[in-house]
Amino acid sequence: MDTQNLFSGYDAGENYCEIFGTSNSAGISPAGEDPLAIRLAKYKLKTLNQRNKNAERELHNLGITFTVYSDAGAIDRILPFDPLPRKISSEDWGRLDDGCRQRVKALNAFLTDIYSEQRILKDGIVPSDLVLGNDNFRKEMIGVDLPHNTYTHISGVDLVRDESGEFLVLEDNCRAPSGVSYVIENRHLMMRSFPDLMEGVQTLPVSDYGNRLRSMLTETSPAHIENPNIVLLTPGVFNSAYFEHVFLAREMGVPLVEGRDLIVDDEDQVFMKTISGLKRVDMIYRRIDDSFLDPEVFREDSMLGVPGIMRALKAGKVGIANAVGAGVADDKAIYAYMPRIIKYYLDEEAILKNVKTFICREEDDLAYVLEHLEELVVKPVGESGGYGIVVGPKATKSELTEIASELKKKPEKYIAQPMINLSVCPTLTEKGVRARHVDLRPFVLTGKEPWVLPGGLTRVAMREGSIIVNSSQGGGSKDTWVMR
Amino acid sequence: MMLSRFAENSFWMGRYIERADNIARLLSVTEAFAADQESEAAWTPVLNVFSDHESYKSYNKPLTALNVAKFYLGEIQNFNSAAYSVHMAKENARTLRHLISTECWRQLSMFQARMHALSKRNFALSKVSEICDDIQHSCFTHRGIVETTWYRDEVWRFNRIGAALERADQMTRLLDMKYFEYDRDDDDQVAPPDVAWWNTLLRTASGYHAFQRRYSFDPQPADAAGFLLFDARLPLSVRAAVNSAFHHLSKLEQDYGAQADANIKSAAEALDNRLNTPPDRVNGRPLHRYLDQIQIELITLANALNERYFSPEQ
């Protein structure tokens, strides 16, 4: 290949490119357009590969990994790292920042409402059974007052960008969105591996996330406590996101506890077992699912949780982030109603649009979906991690037949969306620099007010043509630069 | 305000690093000695010291110098091997990652990866001393990183207590290699002087030159044993290790209000008294029995720590 220009084999096709913009600038040498591209183009492919190899080795040595346990023992794997950054202009970021804050405000208002008056259900904006019959709706939370009415303290808004360059919301994450540790570690890694690329580039910093998180948790801890004892509750070293738990505990300077380290006494106060006796715990950032949190209330067989923690929550003696029952708001079925939910609570139009969504439980939508299966992406509700998704345009005949019969049997289990040609970003591959699809997950912290970490996690589908960016399906990540 | 679980993990992390280090020392002294004598029987004392004859049988390999070396260096199934110790040090560190320095995790992680590679590797007997050297140097580096990067809190104290107790225990084993054979009641011989062996042992314990300075006139084997046991100025001596453990224990009480209980205090006192009362002869059976007593008292102290700090009834 032509080593004179790193981008000579690069073709974004019909897709929006995160570096070069829309594809209608055919014929113009793309590297001539963008200052970042000009800098990047000066690297030889060999240099990029070498530095990338070093960077990945460094990730391994630093233990920025997820651990896969098998009979052969513990294997530490890294999330594949791509050294070519994704950038977001300051104008685009302004809009994303506003849009994410608006969305999370509405999500919190929605959660507050459905766990108290349920006005939105009574007014018929969202079907009652969709909420009350949802597995993630926790009736135990009805009537529980939470500081600042914050239910989703830490939220992830999954965004994609269509051919025209418009950002669309693909999914909300109100349980325990992961990946923020990669945002910060990727930046550190870029600063170490590509100081020459970053020199003089004005990007918004990401390094104060830990402080922000701790302040937010302090703000949302039970009101009468001035200096709350905060802990991060992890399922333990076997959890695939364990590194992130380590990272966040370290950034906040709080203990990383497991369920077995905590107890709840007869007066509903939570304590941790220390070498100097029992110490009070006031606020818990938990990375354990609702159903494992309290064997007194949810799954009895949970070894990960803390018996009595729901009692403590209801007594107002401990705060839990994210709130129990927040997951109902990020369900794919509720997602379809988000524009209406925003309008209902905030009396505003959604700044960030949804991807057009067909709710298969509704007769008309189901009929349309069955008619247009080969054009649509069908997603099971209540699943995450990219599992069970059928991408119509790429599915085989038999896959389509199978999903059609599933849809007829259990339509309420599915939604469908038109296929979005996710934007692409130049990515280092074995063949050189090529276009690969990316998404974006900004992280939103909500105490009194929501705050958005500049940028977010850019995930990249490393396989050619793939639009599935999940790490469980071979996705990697990139540093995300929000330009000043 | 440290969780009991972190105290335990840090304690064991400290222990396992010392264990790996001492296995490397033990093997290198054996290797050096065996090379002198050209004898494969020279390797059975290692099995004696760890009471590993049974577990070696289940390893199912002929008793050769190389096989024993592999059993103690790379065999992850052997709980007394260096590979296993480093693996366990890392697993304990894993739960402490938010409390220890990233430099420390990085080094331990890379150390563990090298040991893992070693367990897959076929090596010749001639490589053993080089491998032992590498393990020792990795342990030196590790200690240096702990020393220069860890925040001086309870986590660090427990790490140092674990390391000290393990060091004391392992030094008694190193010494006992020579005296294990004097276990029989009917045998109360004085061990024959064996200058070459003692010199090797002193070198292995990083004490050879200091010993020459300390005992410049006609040094005796009993002097060497006493030096390795009782000289508080020799970093690897049992006395120095025990003093270090006592020091950190007292700091726990002073700085963190984590008082030792009566069991810890009486176990510590017994150990202290033992070291203040040398056997009538620092040689032969009396020494072997004495080393046994120290080992038992170290175990009693570790158990008392466990009950008080790691799994307290609250």
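A salt bridge is taken here as a side-chain nitrogen of Lys or Arg within 4 Å of a carboxyl oxygen of Asp or Glu. By that rule, Arg5(B) forms a salt bridge with Asp261(A), with 2.5 Å between the closest N and O atoms, and 3 salt bridges are found across the interface of chain A and chain B. The model is a predicted one, in which local features need pLDDT of at least 70 and side-chain atom pairs count only at pLDDT 80 or more, whereas totals for chains, interfaces and linings use all residues. Residues are numbered from 1 along each chain as its sequence is written, chains are lettered from A in the order in which they are written, and side-chain values use heavy atoms, with hydrogens and water left out.

The contact, meaning heavy atoms within 4.5 Å, takes 31 residues from chain A and 27 residues from chain B. The two chains bury about 2,400 Å² between them, 54% of it on carbon and sulfur atoms, where buried area is the accessible area (1.4 Å probe) that two parts lose on being put together, summed over both. Asn61(A), Arg250(A) and Ile275(A) supply 30% of the area that chain A buries against chain B, more than any other three residues.

The interface also holds 12 residue pairs in polar contact, both residues at pLDDT 80 or more; such a contact is a pair of N or O atoms within 3.5 Å, and within protein one must be able to donate a hydrogen and the other to accept it, while residues adjacent in sequence count only if both atoms are side-chain atoms. The largest share of the side of chain A that touches chain B, 5 residues, comes from α9(A), helices being DSSP runs (H or I, at least four residues) numbered from the N terminus.

Of the 11 residues of α9(A), 9 are buried, so this helix is largely enclosed by the rest of the structure; buried means under 20% relative accessible area, exposed over 50%, and partly exposed in between (1.4 Å probe, protein chains only). Just after α9(A), Gly253(A) takes a positive phi of about 70°.

In chain B, Trp12(B) and Tyr16(B) both lie in helix α1 (residues 4-37), 4 residues apart, about one turn of the helix. Their rings form a tilted aromatic pair, 5.6 Å centre to centre with 40° between the planes, given that rings of Phe, Tyr and Trp (its six-membered ring) pair if their centres lie within 6.5 Å, with planes under 30 degrees apart counting as stacked, over 60 as edge-to-face and the rest as tilted. Trp12(B) counts as partly exposed because its relative accessibility is 26%, whereas Tyr16(B), at 9%, counts as buried.

Definitions and conventions:
Helices (H or I, at least four residues) and strands (E, at least two) are DSSP runs, numbered from the N terminus.
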